[in-house]
Amino acid sequence: MSDTLPAPFSPELLDRAYSELQTLHDWLRWAVSRMHQGGVYFGHGTDNAWDEAAVMLSHVLYLPPLRDEKLFSVRLTLDEKQQFVALLEQRIAQRIPAAYLTQQAYFCDLPFYVDERVLIPRSPIGELIKQQFQGLLPAGSSPAHILDLCTGSGCIAIACAVAFPEAQVDAVDISEDALAVCELNIAEHQLQERVYPILSDGFSALAGQQYDLIVTNPPYVDAEDMADLPDEYRHEPELGLASGIDGLALTRQILRDAAAHLTEQGILVCEVGNSMVELQYRYPDVPFRWLEFSAGGLGVFALSKAQLVACQHLFEES
């Protein structure tokens, strides 16, 4: 963590704010200015100060996401103002992402409990889930058995279960702490009969299991980028981010082992983020299908079982 983080708000500044700022809109605008002044980094579910402030303020007010401008004229009580300021101070001074402060993040329009045992959901794979992986799965088919490898909070597994109401989903992670959070979310969404948390190092505990769809957002940050991450990322578990010198330590294992765990028409969808450049350099002959997203995001590829089998010798040589 940086040693030069800004000091908490001065009593004089807060006295003026409590007396002069009344409405929800007043406090959102003030918080935006404070966050820009404090130089915080955005990227954990929001990409700007306004949305970040709205996340924290809606939490304080027990409101759903603040999308209705009619709410902006609502006045805050002194207690609500003080609660919001307390969150804002932690956001700026300690660089704690808003989702950890509120212990809630949205993914595929679904709410998830999060804390520092898991990464904050933000994968572009959410767009694919909403579209039911249209254009990737065999036409007219619906996956009966789905694997979410490196599940973390369980957000991808649960969102897949919602998108495919007949499917069974295995939510796999190497971290017992992450699976504890995953189980909370499975229970909250009442999916205990269809989403199953499994402790496993990669595919090691899945012998004999095959899936119509494997979705994975594994750790993919290389050593150089890990050293340069903004302070906000230091609150996330390193186990969920770092993946060796080149960022591909786990991805190489996934490419090697995935074919054995896919049905004949099965598909692997994997996110590697900025490590896509290294992946393409390392495997120039692999026909990665790089997916595009209307909401932004990159570094997600798809491969069929047939393609993985055809390239097996390349993966085993690496």
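Student: Which residue is the bridge partner of Val172 in β5?

Tutor: That would be Ile198. Keep in mind that this is a predicted model. As for the general idea, strands of a sheet pair through backbone hydrogen bonds, and they can do so parallel or antiparallel. In this case β4 and β5 pair in the parallel sense, over five bridges.

Student: In what sense do β3 and β4 pair, parallel or antiparallel?

Tutor: Parallel, again over five bridges: β3 covers residues 145–149 and β4 covers residues 168–173. For a spot to look at, take His145, whose bridge partner in β4 is Gln168.

Student: Okay, and what is the order of the strands in the open sheet?

Tutor: Seven strands line up as β5-β4-β3-β6-β7-β9-β8, with mixed pairing. At the edges sit β5 (195–199) and β8 (289–290), each of which pairs on one side only.

Student: Which helix makes a β-α-β unit with β4 and β5?

Tutor: Helix α8, residues 176–188, and the unit is right-handed. Another helix to find is α10 (residues 249–257), which lies across β3, β6 (211–216), β7 (262–271) and β9 (300–304). Relative to β7, α10 runs at about 170 degrees.

Student: Now the helix pairs. At what angle do α1 and α2 pack?

Tutor: Helix α1 (residues 11–20) packs on α2 at about 155 degrees, and their axes are 11 Å apart. An angle over 145 degrees counts as roughly antiparallel, so that is how α1 lies relative to α2. The crossing itself is right-handed.

Student: Which residues of α1 meet α2 there?

Tutor: Look for Leu13, Leu14, Ala17, Tyr18 and Glu20 in α1; across from them in α2 are Asp26, Trp27, Trp30 and Arg34.

Student: How do I read α2 and α4, then? Are they roughly parallel or antiparallel?

Tutor: Start with the angle: the axes of α2 (residues 24–38) and α4 (residues 78–93) cross at roughly 20 degrees and come within 10 Å. Angles under 35 degrees count as roughly parallel, so α2 and α4 are roughly parallel to each other. Their crossing is right-handed.

Student: Which residues make that contact?

Tutor: On the α2 side, they are Trp27, Trp30, Ala31, Arg34, Met35 and Gly38. On the α4 side, you'll find Lys81, Phe84, Val85, Leu88, Arg91 and Ile92. The class tally for α2 with α4 is eight nonpolar, one polar and three charged residues.

Key: Residues are numbered from 1 along each chain as its sequence is written. This is a predicted model: local features need pLDDT of at least 70, side-chain atom pairs count only at pLDDT 80 or more; totals for chains, interfaces and linings use all residues. Side-chain values use heavy atoms; hydrogens and water are left out. Two strands pair if DSSP finds at least two bridges between them. Helices (H or I, at least four residues) and strands (E, at least two) are DSSP runs, numbered from the N terminus. Contact means heavy atoms within 4.5 Å. Axes are lines fitted to C-alpha atoms, for helices over the stretch in contact, and angles run from 0 to 180 degrees between N-to-C directions. Angles under 35 degrees count as roughly parallel, over 145 as roughly antiparallel, 65 to 115 as roughly perpendicular and the rest as oblique. A crossing is left-handed if the near helix is turned anticlockwise from the far one by less than a right angle, and right-handed if clockwise. Ala, Val, Leu, Ile, Met, Phe, Trp, Tyr, Cys and Pro count as nonpolar, Asp, Glu, Lys and Arg as charged, and the others, Gly among them, as polar. A crossover is right-handed if, with the strands pointing away from the viewer, the path from the first strand over the helix to the second runs clockwise.
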